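Work through the exercises below with the model open beside you. Try each task before you read its solution.

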Amino acid sequence: MGKINYNRYFNAVLQDDVGVLNELTPQISDILYRFLLIRYGASRDDALDCVQTTLLRGVKWIKEGGIEKPESLLPYFFTTAKHELFRLRRSKHTRLVVFVAEEHGTEAYQLKELMDEERISVLTDCIQKLTPSSREYILYWLKHPDYNAQDVANHFGISLNAAWTRKHRILKVLQACCEKKLAK
Amino acid sequence: MIYSNNEKTKLEKIDDYVKNQLTEEQKDELWLELGDDPDLIDRLELEILLKKWAEIYHKIQAQLLAPLHLIGSKPFH
């Protein structure tokens with residue numbers, strides 16, 4: 001997938017360009033969704049709620065002239081999504097403590113666990129499918145999380161640039177393999 | 001060349017992010033850099049998953065090797 005053009009989105013909101021909005025809204029939603037999941041450990045349900053609210057607010061705010069420059073759009077989206085999540089968490093926190101136990105028993109939570117397990121299992125398959133030298137390289141990198149790229153480069157007798165390039169190539173292969181298997 | 005120097009710097013920052021070597025402020029800055037590029041967010045996700053995978057893998061390895069270690073360290077009588 002290519003890069004997302006927030007300028008285009010900004011102008012599409014101002015001009016009510018439905019075609020461009022239909023094209024870009026799912027892409028921006030996906031970025032915000034993953035931002036909340038990865039950066040703040042949001043549950044999938046909470047993230048979906050917050051993304052929807054953030055986008056609605058963003059569109060309204062652009063139309064009202066609250067966001068003057070397209071460059072300010074992404075920082076606005078991230079900040080709003082974060083605040084929405086914190087607000088949602090606060091509102092949940094005010095309920096009974098029993099809620100915590102209920103939350104971990106919800107279908108959404110179980111689904112998240114299952115999806116993580118599936119992804120780990122797929123990743124194991126994909127690592128096994130790497131060539132022996134690639135597998136040795138990436139396992140060495142993973143086995144020494146406190147090592148930096150220079151340490152890895154020294155161990156394999158390659159340049160720093162080559163160490164990054166090799167890691168990048170192997171992760172590209174893993175990425176493609178995981179995507180293919182998860183799409184099945 | 002597979003990626004530009006700018007992207008390489010982002011990949012290095014992703015590596016630091018996954019290793020938890022960035023401050024909260026640096027994490028926010030990195031997200032602003034990644035926010036227009038789904039491929040780089042895919043990369044971040046993969047690296048986080050790999051870290052999780054490595055933790056599980058090394059835990060299992062340690063569990064499998066633990067009994068051997070105990071046998072090896074047992075004094076002879």
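## Exercise 1: One residue and its neighbours

Tyr6(A) lies in helix H1 of chain A. Helices are DSSP runs of H or I with at least four residues, strands are runs of E with at least two, and both are numbered from the N terminus. The model is predicted: local features need pLDDT of at least 70 and side-chain atom pairs pLDDT 80 or more, while totals for chains, interfaces and linings use all residues. Residues are numbered from 1 along each chain as its sequence is written, and chains are lettered from A and ligands numbered from 1 in the order in which they are written.

**Task.** Decide whether Tyr6(A) is buried or exposed. Then find what Tyr6(A) touches.

**Solution.** 
- Step 1. Take the cut-offs: buried means 20 or more other C-beta atoms within 10 Å of the residue's own, exposed means 12 or fewer, and partly exposed lies in between, with C-beta atoms placed from the backbone.
- Step 2. Count around Tyr6(A): there are 20 other C-beta atoms within 10 Å, so Tyr6(A) is buried.
- Step 3. Look for contacts, meaning C-beta atoms, placed from the backbone, within 7 Å. Leave out residues up to four places away in sequence; Tyr6(A) then touches Pro70(A), Leu73(A), Leu74(A) and Asp36(B).
- Step 4. Check Leu73(A): it is 67 residues from Tyr6(A) in sequence, yet their C-alpha atoms are 7.1 Å apart.

## Exercise 2: A second residue

**Task.** Classify Glu118(A) as buried or exposed.

**Solution.** 
- Step 1. Locate Glu118(A): it sits in helix H6 (residues 107-129) of chain A.
- Step 2. Count again: Glu118(A) has 12 other C-beta atoms within 10 Å, so it is exposed.
- Step 3. Look along the chain: Leu182(A) is 64 residues from Glu118(A), and their C-alpha atoms are separated by 8.6 Å.

## Exercise 3: The two chains

**Task.** How many helices and strands does chain A have?

**Solution.** 
- Step 1. Chain A has nine helices and zero strands.
- Step 2. From the N terminus on, its elements run α-α-α.
- Step 3. For chain B it is 18% of 77 residues.
- Step 4. Take the contacts in chain A between residues at least 6 apart in sequence: 58% join residues at least 24 apart.

## Exercise 4: Helix pairs

**Task.** At what angle do H1(A) and H2(A) pack? Repeat for H2(A) with H4(A), and for H8(A) with H9(A).

**Solution.** 
- Step 1. Know the method: axes are lines fitted to C-alpha atoms, for helices over the stretch in contact, and angles run from 0 to 180 degrees between N-to-C directions. Under 35 degrees is roughly parallel, over 145 roughly antiparallel, 65 to 115 roughly perpendicular, and the rest oblique.
- Step 2. H1(A) (residues 6-14) and H2(A) (residues 18-40) pack at about 130°, with axes 10 Å apart. That makes H1(A) oblique to H2(A). The contact uses Arg8(A), Tyr9(A) and Ala12(A) of H1(A), and Val20(A), Leu21(A), Leu24(A) and Ile28(A) of H2(A).
- Step 3. The axes of H2(A) and H4(A) (residues 73-93) come within 10 Å and cross at roughly 60°. That makes H2(A) oblique to H4(A). Here Leu32(A), Phe35(A), Leu36(A) and Tyr40(A) in H2(A) meet Phe77(A), Phe78(A), Ala81(A), Lys82(A) and Leu85(A) in H4(A).
- Step 4. H8(A) (residues 149-156) and H9(A) pack at about 95°, with axes 8 Å apart. H8(A) and H9(A) are therefore roughly perpendicular to each other.

## Exercise 5: Where the chains meet

**Task.** Which helix of chain B supplies the largest share of the side that touches chain A?

**Solution.** 
- Step 1. Count the residues in the contact: 26 come from chain B and 27 from chain A.
- Step 2. List the helices: H1 (5-18), H2 (24-34) and H3 (38-73) of chain B each supply at least two residues of the side that touches chain A.
- Step 3. Pick the largest share: H3(B), with 15 residues.
- Step 4. Sort by class: Ala, Val, Leu, Ile, Met, Phe, Trp, Tyr, Cys and Pro are nonpolar, Asp, Glu, Lys and Arg charged, and the others, Gly among them, polar. The side of chain B that touches chain A has 15 nonpolar, one polar and 10 charged residues.

Key:
Two residues are in contact if their C-beta atoms, placed from the backbone, lie within 7 Å.
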